[in-house]
Amino acid sequence: MTDHRDPADVRLAELFGAWRAEIDEVPLPSLVDPMHAVDVVIEAKRNGGRVHPPPDGACTRPPGNARDEAV
């Protein structure tokens, strides 16, 4: 059976396969410590949704129900 695929597609698939194999060889360390992340979420829930209050004067949320109207 002959291969009727475009040679450029075949070469691109080979390049991507080699690149993926190269990437998979190097282990990626965890970006987030899961235990610390769980602790942060639990503390945030205890404190009404924030771990730390925003700095004075920070307007990080729209007033009232503007969040609902912005959608």
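Q: Is Asp 24 buried or exposed in this predicted model?
A: The relative accessible area of Asp 24 is 54%. A residue counts as exposed when this value is over 50%. Asp 24 is therefore classed as exposed.

Q: Which side chain meets that of Asp 24 in a salt bridge?
A: A salt bridge requires a side-chain nitrogen of Lys or Arg within 4 Å of a carboxyl oxygen of Asp or Glu. For Asp 24, the N to O distance in its salt bridge is 3.6 Å.

Q: By about how many helical turns are Arg 20 and Asp 24 separated?
A: Both residues lie in helix H1. They are four residues apart there, which means a separation of about one helical turn.

Q: What is the N to O distance in the salt bridge of Glu 14 and Arg 11?
A: Glu 14 and Arg 11 are three residues apart in helix H1, which covers residues 7-25. Glu 14 is partly exposed at 46% relative accessibility, and Arg 11 is partly exposed at 47%. Their side chains meet at an N to O distance of 3.5 Å.

Q: How many helices does the chain have?
A: The chain has zero strands. From the N terminus on, its elements run α-α-α. The number of helices is three.

Q: What percentage of the residues in the chain is buried?
A: A buried residue has under 20% relative accessible area. The chain holds 71 residues and exposes about 7000 Å². The buried share of its residues is 3%.

Technical notes: Residues are numbered from 1 along each chain as its sequence is written. This is a predicted model: local features need pLDDT of at least 70, side-chain atom pairs count only at pLDDT 80 or more; totals for chains, interfaces and linings use all residues. Side-chain values use heavy atoms; hydrogens and water are left out. Helices (H or I, at least four residues) and strands (E, at least two) are DSSP runs, numbered from the N terminus. Buried means under 20% relative accessible area, exposed over 50%, partly exposed in between (1.4 Å probe, protein chains only). Accessible areas come from the Shrake-Rupley method with a 1.4 Å probe; for residues, only the protein chains shown count as cover.
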